[in-house]
Amino acid sequence: MQHDAVIVGGSFAGLSAALMLARGHRKVLVVDAGLPRNRYAAHSHGLLALDGMPGSTLLAQAKAQLLAYPTVEWWDGQVEEATALPGGWDVALADGRRISARGMVLATGVVDQLPDLPGVVERWGHTVMHCPYCHGYELGRQARIGVLGNGTRLSAEQALLLADWGRVTLFAQGMPLDDAELMAKLARRGVQLETRQAVALEGDGTAIDGMRVDDGALVQIQALFLGAPTRMASPLAERLGCRFDQGPLSPFLSVDEKKLTSVPRVYAAGDAARMFGNATLASADGVLAGVGLHHALIAEDSQPDPASGA
C-alpha cells in the first residue's frame, strides 16, 4: 500500500512533520538513522515548558506519542535513494527495504565539522559548544569563555554576543584585525583579543582548564564556543537534485514558505533547510513542512479522476 508521506529523519523536525500528517489521518512512514545532531549534549535548554530536559528524553517521548497514531509506522534505517514515480516516490533504504509514498519530507539534519584542534571533539556538547542561548546561562555570569576564530567576522560577532554570559577571550586564529570599528566594539564589550595561535584545549575529562597557545602559555578559560561549518548528514537531497542556498559558513536546502524544495513533492525542514537552527526552530519547520505536504495532498485529492471521468 502506498504511503501518503515518508519522513526522512526522526528528530525534532521529522517528528513534528509526521505528527501534523498523522493528525490529518494520513498514512506516514518515518525512517530514522538514530543520530540526532544534539546527541552530544546532556540537556536541551531554551525549549518552552521543557527547559533543561535531556534531548534524548524529549525525542523518546515525542516518538511514543507519534506512534500512538494508527496511521504511523517507524523504520530504523538510512534512506539511500529515491526515484520519482507518477504521483510519488519509490524510496530505497540502505538495507534493501523499499517503500512508495506520494510525498517526502527531508528532515535529515546536518553534521558539525569541528576544527582540527586537540581537545575539541571529546568536549563537544559539554564544555565546547556553539549556541549561547542553549548552554550559556549554566556557565554563570563570571565564567571565562573562549571563542575560537574561524577566519570570518562571524567569530567576532559571536564574541560580542557572548559577553552577556561571561568574560570573553577571542582567539583570532588568523582572523583579519584591520576593521577598526569591529575592534572598537570588541573593546567596548570587554572582549580580550588573543592573537597567539591556539594549539590545544587542556583539562581533565570534559572540563577545560585553559587553551594552550603556540608560545607555551595557558590562557585560562572554562568553556569554548565556536562556529563550525556543517555538511548535510545525508546525500539524499543532493542526489534528488534539490537546490541549495549558500550561508555564511555552509550551504542549506532552499525552500519556500511552505517548506517545499525545488523538487516537486519533496519538502524539507530543520537544520538542513535553514542557515542557523535549534530544536525549537526545527520543530516549527517540521510543522510547516507537514502542513504544506498535507495541503498538497488535499489539492491532489480534489482533482478529477481521469479514470472515472468524475
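**Exercise 1.** Which residues in α1 meet which residues in α2?

*Solution.* The model is predicted, with local features needing pLDDT of at least 70 and side-chain atom pairs counting only at pLDDT 80 or more, while totals for chains, interfaces and linings use all residues. Residues are numbered from 1 along each chain as its sequence is written, and side-chain values use heavy atoms, with hydrogens and water left out.

Step 1: with contact taken as heavy atoms within 4.5 Å, F12, L15, A18, L19 and A22 in α1 meet G55, L58, L59, A62, K63 and L66 in α2.

Step 2: sorted by class, this contact of α1 with α2 has nine nonpolar residues, one polar and one charged, where Ala, Val, Leu, Ile, Met, Phe, Trp, Tyr, Cys and Pro count as nonpolar, Asp, Glu, Lys and Arg as charged, and the others, Gly among them, as polar.

**Exercise 2.** Describe how helix α1 is placed against helix α2.

*Solution.* Step 1: the axes of α1 (residues 12–23) and α2 (residues 55–67) come within 10 Å and cross at roughly 20 degrees.

Step 2: that angle makes α1 roughly parallel to α2, a term for angles under 35 degrees.

**Exercise 3.** Describe the packing of helix α4 with helix α5.

*Solution.* Step 1: α4 (residues 153–162) and α5 (residues 180–188) pack at an angle of about 25 degrees, with their axes 9 Å apart, and are therefore roughly parallel to each other.

Step 2: from α4, R153, A156, A159 and L160 meet L182, K185 and L186 of α5, a contact with five nonpolar, no polar and two charged residues.

Technical notes. Axes fitted to C-alpha atoms, helices over the stretch in contact; angles between N-to-C directions. Helix = DSSP H or I, 4+ residues; strand = E, 2+ residues; numbered from the N terminus. Parallel < 35°, antiparallel > 145°, perpendicular 65-115°, else oblique.
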